[in-house]
Amino acid sequence: MKFLEKISPFKNLLKLYIVVTLVLRIVLLFHPITSASFTWAEISKIFITGLISDFFVFILASGLLWLYLMFLSNSKYDKPLGYIIFGILAFLLTYVSFFNTILNEYGGALPEIGISFIALKTILFGLLLFLPKYRQQIRLVLFSMAVFIVTLLIIQNAISEFFFWNEFGVRYNFIAVDYLVYTNEVIKNIMESYPVVPLFTAVGLITAFFTYLIVKKSQSFLHNLPSFKEKLQLSGVYIGLFLIGLFLIPTLAKQETSQNVFTNELQANGLYRFYLAFMNSELDYDKFYKTMPEKDAFALLKVQIPEIKDLSTEREIKSNKLEEHKNVVLITIESLSADFMKCYGNEKKITPFLDSLATKSTLFTNLYAVGNRTIRGLEAVTLCLPPSPGESIVKRKDNKDKFSTGSVFKQKGYSVKYLYGGDAYFDNMEDFFSGNGYDIVDKKNLKPEEITFSNVWGVCDEDMAKKAIKVMNEESKIGKPFFNHWMTVSNHRPFTYPAGKIDIPNDTKSRDGGVKYTDYALKQFFNMAKKQSWYNNTVFVILADHCASSAGKTELPVDKYHIPAMIFDPTKPGKINPVLMSQIDIMPTLFGMLNFDYTSKFYGQDVNAPHFEQRALIATYQDLGLIEQNKLTVISPKQKAKQFDLIPDANAKNENFILKYEEKPVKKMDEILVKEAVSFYQTASIQLKHKRYQKNNL
């Protein structure tokens with residue numbers, strides 16, 4: 001114990017981190033979103049494995065803290081060493097301030113950051129050197145600040161993990177990495193969604209309290225700093241633990257293999273999950289997943305898409321009817337789960353307009369989103385190909401000049417636009433859509449007088465609806481058809497919208513309010529559209545980008561991917577289409593309804609075609625799924641595969657509107673379905689990797 005007292009600040013911060021992560025696990029275990037039961041063996045695994053993981057994650061993450069504590073000493077201020085060190089710091093500060101350095105080569109804010117850091121270090125060292133009478137007091141202040149910062153990071157990370165779990169039901173993943181990149185939007189979202197003043201005040205007070213306790217217990221350390229020999233001994237122990245952690249943490253992560261996804265998530269360490277997500281934004285399919293010879297993969301894909309030839313999805317789509325070059329408006333609605341609508345059993349009356357529109361449209365009642373993020377939905381309806389493991393194509397560098405929905409419309413003489421109420425810079429949307437031939441209309445294009453309400457995500461859906469009408473009126477004058485893709489924003493946390501529009505007060509910041517306001521805004525859009533000359537010559541495609549929640553008991557809970565979708569043609573009657581299909585099929589189906597002849601590379605197909613094989617593709621950033629023949633097949637990294645029987649909810653009132661399925665692990669896997677899943681995802685990876693999905697390679 002005396003040995004540990006030589007490094008008591010580190011020991012006490014480690015204890016704090018362990019206690020905080022333990023409390024966090026308990027809170028997450030009993031969180032309402034954790035919709036699973038656990039055996040005693042699973043609970044033991046969660047807490048024992050989690051404790052070991054947390055211990056070594058702190059060891060690895062506290063390298064800078066360790067160096068800070070090891071460099072605390074009095075001997076470095078002795079003459080002449082103290083003056084030599086101060087002279088070196090002063091020279092270095094002069095050099096980086098007035099001469100061209102490597103920092104200037106990198107540019108940006110790096111030179112200013114470097115200068116500020118060296119200047120602060122020089123000033124503080126000078127104070128400790130030239131004011132020896134106050135050295136203890138100055139060191140105490142600086143030490144207290146360092147402890148406060150580390151304590152704040154520990155407390156704030158726990159709070160952040162709680163809110164992330166509250167939103168997604170998982171530890172940190174790619175979304176958390178994106179949040180780090182898009183700091184401005186995320187901070188504004190937090191400011192508008194939560195009571196930040198009480199929250200930050202509480203975090204500050206808790207941090208101050210623990211800082212006081214740790215500093216108080218560290219007085220003996222500060223007054224009797226370890227000798228050089230003791231520092232070497234302590235560092236030897238730390239380095240040994242560090243090396244063990246480098247091996248043990250990934251090993252423990254490999255033990256997250258429970259059938260219960262929540263068990264895996266709860267035993268994991270959030271910081272390590274964040275590191276993994278940051279380092280693996282793209283996953284090489286061939287390296288991580290089951291594969292087969294390329295020819296076999298495409299041969300199996302040909303069973304699903306009979307017209308394809310050779311090692312490609314390229315094929316000719318022909319119709320025996322005259323093409324209809326009607327205007328097309330594609331509306332992807334933020335976070336609209338199927339269970340928000342009346343036809344799926346919702347009795348809250350939060351989508352009255354969409355409920356009425358559904359009866360006049362071709363309503364696709366068995367359609368699944370490919371993922372659980374907006375950019376996945378945008379990718380699906382634009383590129384019509386299976387979701388790739390890792391980051392969405394929208395966010396990748398190689399995201400331009402793809403064969404896309406827009407490119408088909410352009411071949412037919414359409415003007416093509418992407419409309420978004422926020423800043424299209426977010427999530428790389430502007431780069432993706434402009435790089436694929438779309439003109440962009442976003443918040444930057446709205447005049448101040450066109451904006452009546454906005455929040456962090458952009459202008460309210462009503463404002464964008466009015467802007468869309470103006471854009472379409474101008475396009476109708478040009479004399480050629482238009483295709484406009486509008487992405488809504490209002491049904492998103494913080495769920496704020498103009499007052500007095502719906503019967504749910506705008507200050508409740510509830511999901512139901514966000515849904516109902518978006519529904520109201522869409523009604524206003526259609527009311528305005530009906531008055532325009534182009535209305536009866538326009539087809540409207542309406543579907544969600546993804547569901548409101550993605551958390552579930554399994555890797556891919558199918559009810560969290562079921563979204564509403566409809567195609568509304570004012571000149572045609574409504575009907576129900578119950579075929580099992582994917583988000584990637586909606587636009588090829590529209591092209592079929594318009595009788596388009598074109599050369600296609602899409603994996604998505606016209607579901608009305610006689611050869612269409614019913615199936616749906618759903619995925620997370622690493623688990624890739626295929627729904628077919630009442631089974632869910634999931635292929636995962638490390639060449640793993642799982643399969644579940646999908647048992648429909650016995651209480652469902654209408655077989656066309658079944659939302660919930662029990663996912664029961666199969667006793668024996670259907671290897672044909674596993675190979676079909678592999679064929680979809682492997683060939684899509686091949687197409688992208690070898691640039692066969694470019695529009696100019698037809």
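1. Thr34 and its surroundings. In this predicted model, Thr34 touches Leu28, Leu29, Trp165, Phe262 and Leu266, leaving aside residues up to four places away in sequence. Thr34 sits in the loop that runs between α2 (8–29) and α3 (40–61). Its relative accessible area is 7%, so Thr34 counts as buried, the limit being under 20%. A polar atom of the Thr34 side chain lies 2.5 Å from the backbone oxygen of Leu28.

2. Asp427 and Asn428. Phi of Asp427 is near 60 degrees, a positive value in a residue other than glycine. Asn428, likewise not a glycine, has a positive phi near 65 degrees. Asp427 is buried, with a relative accessible area of 3%.

3. The pairing of Asp427 with Lys395. What does the side chain of Asp427 meet in a salt bridge? The partner is Lys395, with an N to O distance of 3.7 Å. Because Asp427 lies in the loop between β5 and α21 and Lys395 in the loop between α19 and α20 (405–411), the pair ties together parts that are 32 residues apart in sequence. Lys395 has a relative accessible area of 18% and is therefore buried. Asp427 and Lys395 also belong to a network of salt bridges in which Arg373 and Glu391 are linked with them.

4. Other salt bridges. The whole structure contains 30 salt bridges. One of them joins the side chains of Glu475 and Lys417, at 2.9 Å from N to O. This pair links distant parts of the chain, with Glu475 in helix α22 (residues 461–476) and Lys417 in strand β5, 58 residues apart. Both Glu475 and Lys417 are buried.

5. Lys516 and Asp503. A salt bridge is also formed between Lys516 and Asp503, whose closest N and O atoms are 2.9 Å apart. Are the two partners buried or exposed? Lys516 is buried, with a relative accessible area of 12%, whereas Asp503 counts as exposed at 60% relative accessibility.

6. Cis peptide bonds. The peptide bond that joins Lys79 and Pro80 is cis, with omega at about -5 degrees. Pro80 is placed in the loop between α4 (63–70) and α5 (81–98). A cis peptide bond also leads from Arg493 to Pro494, where omega is near 25 degrees. Pro494 is found in the loop between β9 (482–487) and α23 (511–529).

7. The second largest pocket. The volume of this pocket is about 1300 Å³. Its lining comprises 48 residues, and those nearest the centre are Arg273, Tyr621, Gln622, Asp623 and Pro637. At least two lining residues come from each of α9 (174–181), α13 (228–253), α14 (261–267), α15 (270–279), α19 (374–383) and β18 (640–648). By residue class, the lining of the second largest pocket divides into 20 nonpolar, 15 polar and 13 charged residues.

Terms used. Residues are numbered from 1 along each chain as its sequence is written. This is a predicted model: local features need pLDDT of at least 70, side-chain atom pairs count only at pLDDT 80 or more; totals for chains, interfaces and linings use all residues. Side-chain values use heavy atoms; hydrogens and water are left out. On a 1 Å grid over the protein atoms alone, a cavity is a set of points where a 1.4 Å probe fits but cannot get out, and a pocket is an open set with protein on both sides within 12 Å along at least five of seven lines; lining residues have an atom within 4 Å of a point. Grid points are joined across faces, edges and corners, and a volume is the space filled by probe spheres set on the points. Helices (H or I, at least four residues) and strands (E, at least two) are DSSP runs, numbered from the N terminus. Ala, Val, Leu, Ile, Met, Phe, Trp, Tyr, Cys and Pro count as nonpolar, Asp, Glu, Lys and Arg as charged, and the others, Gly among them, as polar. Buried means under 20% relative accessible area, exposed over 50%, partly exposed in between (1.4 Å probe, protein chains only). A polar contact is a pair of N or O atoms within 3.5 Å; within protein, one must be able to donate a hydrogen and the other to accept it, and residues adjacent in sequence count only if both atoms are side-chain atoms. Contact means heavy atoms within 4.5 Å. A salt bridge is a side-chain nitrogen of Lys or Arg within 4 Å of a carboxyl oxygen of Asp or Glu.
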